[in-house]
Amino acid sequence: MEPGEPREPQEPREPGPGAETAAAQVWEEAKIFYDNLAPKKKPKSPKPQNAVTIAVSSRALFRMDEEQRIYTEQGVEEYVRYQLEHENEPFSPGPAFPFVKALEAVNRRLRELYPDSEDVFDIVLMTNNHAQVGVRLINSINHYDLFIERFCMTGGNSPICYLKAYHTNLYLSADAEKVREAIDEGIAAATIFSPSRDVVVSQSQLRVAFDGDAVLFSDESERIVKAHGLDRFFEHEKAHENKPLAQGPLKGFLEALGRLQKKFYSKGLRLECPIRTYLVTARSAASSGARALKTLRSWGLETDEALFLAGAPKGPLLEKIRPHIFFDDQMFHVAGAQEMGTVAAHVPYGVAQTPRRTAPAKQAPSAQ
């Protein structure tokens, strides 16, 4: 070909062997890269009436000891100012934090098995904080990657009146008076306490332990013990072995847990179920255990384990179980659990409770 002579057009070359495969691989890698850059898509919030709703106060979910001190000693204006100044500092996890994380772990498993079902745990942050404090709470929730979309911030008013509107199955708070109000309204509730030391709990299985009398069951039997002593109690339980006890304040929550457990059982996952429940009672098995178990059976309920301690301390056994939360109506059992590293929650129900004073001493309301 002479210089300046136009070239003849050439046929386009066919891609070499493996070129399509290499291009596809590059595309897939690029897609993964950009997917990781994009914000993670969070699941859709269920309708409250379809879900198991857990309402948690801000002081139950996070540690707010310093903030509570400022609120009590210096008042609400200084408290709000402090929160605004520190709103980019996440709160430290509080006693309900591991429980909430375990609820979310169960939700992930449920959504894998039932993508379109709304029968999951729905967590609501229920607080009487001023709305201005909400930014720090939101920042803290995002910092720990919690899925809490529903907030109720009442600006100093009691949040109890909203619990039924949210279809609440369980309310956890650090404020004992608010918990009493909820119990009086017929809502399952407990005052949650931090353990004396930190204990590692399961990241993949939600473990919930219940006392029996005045928690799952009514306080009928405790009334007999208080009025007539243990011997009369044993006689009464034997005579009424086949008569179910009336329900206690947390029966409905156990029922909700059982409903979710059955969703795993129906998929052949009983042994791999990420929810495990325990009955931990001071009753003795031989003299009064049968009535407790038969009561649960009459309700169509069960616990995975039933531990009858015959009056022995509960703390050492709970240390072995390592539940995310343990419910009891008597504070000395709650204190014993705390000492052994268990997150314990007091259910203020029944004859064992200290009577309320008619004219309580005036104290500053808590900033939940």
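Visitor: Why is Thr 277 called buried?

Guide: This is a predicted model, so its values are computed from predicted coordinates. Thr 277 has a relative accessible area of 1%. Buried means under 20%. Thr 277 therefore counts as buried.

Visitor: Where does Thr 277 lie, and what does Thr 277 touch?

Guide: Thr 277 is in strand β9, residues 275–281. Leaving out residues up to four places away in sequence, its contacts include Val 208, Phe 210, Leu 254, Leu 257 and Gln 261. Glu 302, Thr 303, Asp 304 and Glu 305 also touch Thr 277.

Visitor: Is Phe 97 buried or exposed, and how do you know?

Guide: Its relative accessibility is 11%. The cut-off for buried is under 20%, so Phe 97 counts as buried. Phe 97 is found in helix α5. Beyond four places in sequence, Phe 97 touches Ala 60, Leu 61, Phe 62, Tyr 144 and Leu 146.

Visitor: How far apart are the C-alpha atoms of Phe 97 and Arg 63?

Guide: They are separated by 9.6 Å. Along the chain, Phe 97 and Arg 63 are 34 residues apart.

Visitor: What makes Pro 316 partly exposed?

Guide: Its relative accessible area is 44%. Buried is under 20% and exposed is over 50%, with partly exposed in between. The value for Pro 316 falls in that middle range, so Pro 316 is partly exposed. Pro 316 lies in helix α12, residues 315–321. From Pro 316 to Gly 336 is 20 residues in sequence and 8.4 Å in space, C-alpha to C-alpha.

Visitor: How do you know that the buried residues of α8 line one face?

Guide: In α8, residues 220–228, Ser 221, Glu 222 and Ile 224 are buried. Seen down the helix axis, the buried residues fall within an arc of 155 degrees, so they line one face of α8. They pack against α9 and α11.

Visitor: What does the face of α8 turned away from its buried side carry?

Guide: That face carries Lys 226 and Ala 227, both exposed. After α8 comes Gly 229, with a positive phi near 95 degrees.

Visitor: How do α5 and α10 cross?

Guide: The axes of α5 (residues 97–113) and α10 (residues 251–265) cross at roughly 35 degrees and come within 10 Å. The crossing of α5 past α10 is left-handed.

Visitor: Which residues make the contact of α5 with α10, and of what class are they?

Guide: On α5 they are Phe 99, Val 106, Arg 109, Leu 110 and Leu 113. On α10 they are Phe 253, Leu 260, Lys 263 and Phe 264. The contact has 7 nonpolar, no polar and 2 charged residues.

Technical notes: Residues are numbered from 1 along each chain as its sequence is written. This is a predicted model: local features need pLDDT of at least 70, side-chain atom pairs count only at pLDDT 80 or more; totals for chains, interfaces and linings use all residues. Side-chain values use heavy atoms; hydrogens and water are left out. Buried means under 20% relative accessible area, exposed over 50%, partly exposed in between (1.4 Å probe, protein chains only). Helices (H or I, at least four residues) and strands (E, at least two) are DSSP runs, numbered from the N terminus. The arc is that of the directions from the helix axis to the C-beta atoms. Contact means heavy atoms within 4.5 Å. Axes are lines fitted to C-alpha atoms, for helices over the stretch in contact, and angles run from 0 to 180 degrees between N-to-C directions. A crossing is left-handed if the near helix is turned anticlockwise from the far one by less than a right angle, and right-handed if clockwise. Ala, Val, Leu, Ile, Met, Phe, Trp, Tyr, Cys and Pro count as nonpolar, Asp, Glu, Lys and Arg as charged, and the others, Gly among them, as polar.
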